[in-house]
Amino acid sequence: MAALNHIAILPILVPMAAVIANLLLGNLRPPSRVRLNLAFSVVLALVSILLLVALAQSDGHLAAVYPLGNWPVPFGIVLVADRLAAVMVLVTSILSLAALVYASARWHSRGTNFFPLFHALTMGLNGAFLTGDLFNLFVFFELLLAASYGLTLHGGGRNQVKAALHYIAINLVASFLFLIGVALIYATTGTLNMADIARAVPLIAPDDRGLFDAGAAVLGVAFLIKAGSWPLHFWLPRTYSSAAPPVAALFAVMTKVGFYAILRLWTLVFANSSGPELAFGQNVLLVLGLATISFGSIGALSSKALDRLASYLILVSAGTLLLAVGYNAPGVTSGALYYVVVATLAAGALFLLKDVIDQILPAEAQVLAVSLEIYGDEEEAADDVDEVSRTVPGAATLVSWCFAIAALIMAGLPPLSGFVSKFAMISAALGAGPTAATWWFIAALIVSGFLVLVAMVRNGINIFWTSLPDSDTPLVRTAELAPIVVLLALCVALALAAGPAMAFFTETAAFIHSPQGYVDVVLPREATP
Amino acid sequence: MELILAAAIGVLAASGVYLILRPRTFQVIIGLSLISYAVNLFILAMGRLRMDAAPILDGANANPADYVDPVPQALVLTAIVIGFAMTALFLVVLLAARGLTGNDHVDGKLD
C-alpha cells in the first residue's frame, strides 16, 4: 500500500502549493485569482476524501505512515494518517472550502494577502492533525497560529486589533508552555516521536516519572489554552466574534486542534498504561470539561449578538469534547468523534450565517430587537393586525431554515445529527457501567443542550420575527448562501447516514483506545515509501 | 554550572512573567522575549549539560558517551527562529494598536 502512504502528505503539500502560487502570482486579477484559489481548495477536499476513503476501505491497513525524507522512524519526522487524523483533515478541508467560497464573494478584498494566509492556516491545521512527532506538532501549531494572527486582523478595525493583541499574547505564552512540556518529555523519554513516547513511558525510571508527569501537565495546559477550556478561554469569544466571518468559520476547527492533540496524546500515553486506578489527569479533564460546558451555556444565554452566541457555542462544544475525552471509554469517544464533525461544520455555518443575516437586517433593527427585549414593546398590541398578512421573502425563508437547522444541531434535538451524537455518547456512558461521573456527564449534556436551545430560539425570535424588514426582498449572493446550505446539508446527511458513520467512528475509537495498535503501525515499519 | 543556569532561567522567567502581567504593551513584549530566552535555555538544559563536547559524531566507531545530545540544540534553533518571528509579528500588531487606539494600554484605554 505504498500509494496510500504517499497520500498522507498531500493535505499539507496542496495548501503549501496554493500559498506559493498566490505569492508568485501576486498581481493576478481578482476573478482568475479567486478561481485559482477555489481550484486549490477543491483539490484539497478531493485529496482528503481520497485519504479517508482509502483508509476506510482497506481492512487491516489502519494508518498511512509517511516518514519524511525517508529517515528511519524514531529518528526522523513521521506523518501518521490514521482514521482520526483523516476525519479531522476532511473536516478542515470541507470547512476551508466552504469558507473560501464564502469569502470569494466579498470578504477576500477587505484586506491584503487573504488567500495565502488562508491556505497557510489550512496547511497548519492539516499538518497538526497528520504529524506523529511532538516537536513537529509545535512547528505546525506555530504555522497555523501565525496565519491565524494575520487572518484575525483581516479587514481590520480597532476592535479587531485589540482582540488580536490579546489573542497573540496568550498564544505566545501557550507556545512557550508547549516548548517547556516538550523539553521535559524529551528529557525523560529521550524521544519526540509520539509512538516512541508511548513505548518508552513504562520504561521511565521511577525517579523521573514525576518530571515526565509535570512535562505532560505543562503540555496539557498549552493544549487546553488552544482548546478553549474553562479558565483559559477568555480570549476566545472576543477573538472569534471580532474576526471576519469566513475566518471565524475556519477558526471553528482551530479549537478542535487542541481537542485532537489531547485525545491523541492522552489516550496514547496515559489512558491505558496506568492500570486499574484513574488515569493521570482524568479528573482534571472531567472537571474542566464540566466547567467549560457550564460557562459556555451561560455565556450563550447572556449573548445578544449572534456572533458572540456562536463563540460561546464553540466553548460548549469544546467542553463537551473535553468531558468525552476525560470519560475515557471507546463508546463515548466514538460519539464524540461524530459530535466533533457535526459541531464543527454547524458552528462554521453559523458564523457564516451571522454575516448573511447582518446583510439582510438593517443595523438599527438589531439594536431595536435587543432594546425591545430589555425595555418591552409598548406598541406590540397595535401591530397584531398586520402580522397575519406578513410574507417572508424567499431568501429570508432559506436563511431562517438554515438558522433553525443549525439551532437543532447545536442544541441536539431529535431529528438531526446533534441528537444522534449526544445519544451515542450518553448511551455508551450508561452502557459502560454508570458511576458518579456518568450522571454528571449526562446532566451536563442535557442541561447544556436545553440552555443552548433557549439561547438559539431567543436569538431566532429576535432576528426573524421581530426585526426582519417587511416589504423589500433581501439580496443575498448565491456564493454566500450556498456554502452555508452545503455545510448544513452535510450535517443532515450525516444524520441520515448515521448507521455507517457510527460504525466507522466506533472502529476509529477502538483504534484510538488501543495504543499498542498505533505504536505497532508506526514503529516497526521499514522506511520504504 | 547547573546552579548558575538554573538561576538564570528562573530569573528570566520570573521577570518575564512579571512584565507580561503589566498593563503596557511594550512591557508585555519585553516580558515575552525574556520568557522565550528562559525557555530556550531550559530546552538546552534538558539535553544534559556537557562541557567541551561536540554534537556531531566523527569517525565510524565513536563512543556516543563522548558527545553532547544534538537534538535539543536543533530544537532550540527552531524555537529561537519561531519565537523571533512571532515577536516581530507581535511588534507590528502592537504598533497598529498604538496607532488605532492612541495609547499603549493592552486594553486600548487610558487608565
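Guide: A crossing is left-handed if the near helix is turned anticlockwise from the far one by less than a right angle, and right-handed if clockwise. This is a predicted model: local features need pLDDT of at least 70, side-chain atom pairs count only at pLDDT 80 or more, and totals for chains, interfaces and linings use all residues. Residues are numbered from 1 along each chain as its sequence is written, with chains lettered from A and ligands numbered from 1 in written order.

Visitor: In which hand does H7(A) pass H9(A)?

Guide: Find H7(A), residues 158-189, and H9(A), residues 206-227; helices are DSSP runs (H or I, at least four residues), numbered from the N terminus. They pack at about 155°, with axes 8 Å apart. That makes H7(A) roughly antiparallel (over 145 degrees) to H9(A). The crossing of H7(A) over H9(A) is left-handed.

Visitor: How many charged residues does the contact of H7(A) with H9(A) have?

Guide: H7(A) brings residues including A:Ile170, A:Phe178 and A:Thr189. H9(A) brings A:Asp208, A:Leu211 and A:Lys226, among others. The contact has 18 nonpolar residues and 4 polar ones, and the charged residues (Asp, Glu, Lys and Arg) number 2.

Visitor: How far does H15(A) reach from its first C-alpha to its last?

Guide: H15(A) covers residues 330-360 of chain A. Of its 31 residues, 28 are buried, so H15(A) is largely enclosed by the rest of the structure. Its reach is close to the expected span, and comes to 45 Å.

Visitor: How many nonpolar residues are in the contact of H13(A) with H14(A)?

Guide: H13(A), residues 282-302, and H14(A), residues 306-327, pack at about 160°, with axes 7 Å apart. That makes H13(A) roughly antiparallel to H14(A). H13(A) passes H14(A) in a left-handed crossing. The contact has no charged residues and 9 polar ones, while the nonpolar count is 16.

Visitor: Which helix supplies the largest share of the side of chain B that touches chain A?

Guide: In all, 28 residues of chain B are in contact (C-beta atoms within 7 Å) with 22 residues of chain A. H2(B), 25-46, and H3(B), 70-101, each supply at least two residues of that side of chain B. By class, it has 22 nonpolar, 5 polar and 1 charged residues. The largest share, 15 residues, comes from H3(B).

Conventions: Axes are lines fitted to C-alpha atoms, for helices over the stretch in contact, and angles run from 0 to 180 degrees between N-to-C directions. Angles under 35 degrees count as roughly parallel, over 145 as roughly antiparallel, 65 to 115 as roughly perpendicular and the rest as oblique. The expected span of a helix is 1.5 Å times one less than its number of residues. Two residues are in contact if their C-beta atoms, placed from the backbone, lie within 7 Å. A residue is buried if 20 or more other C-beta atoms lie within 10 Å of its own, exposed if 12 or fewer, and partly exposed in between; C-beta atoms are placed from the backbone.
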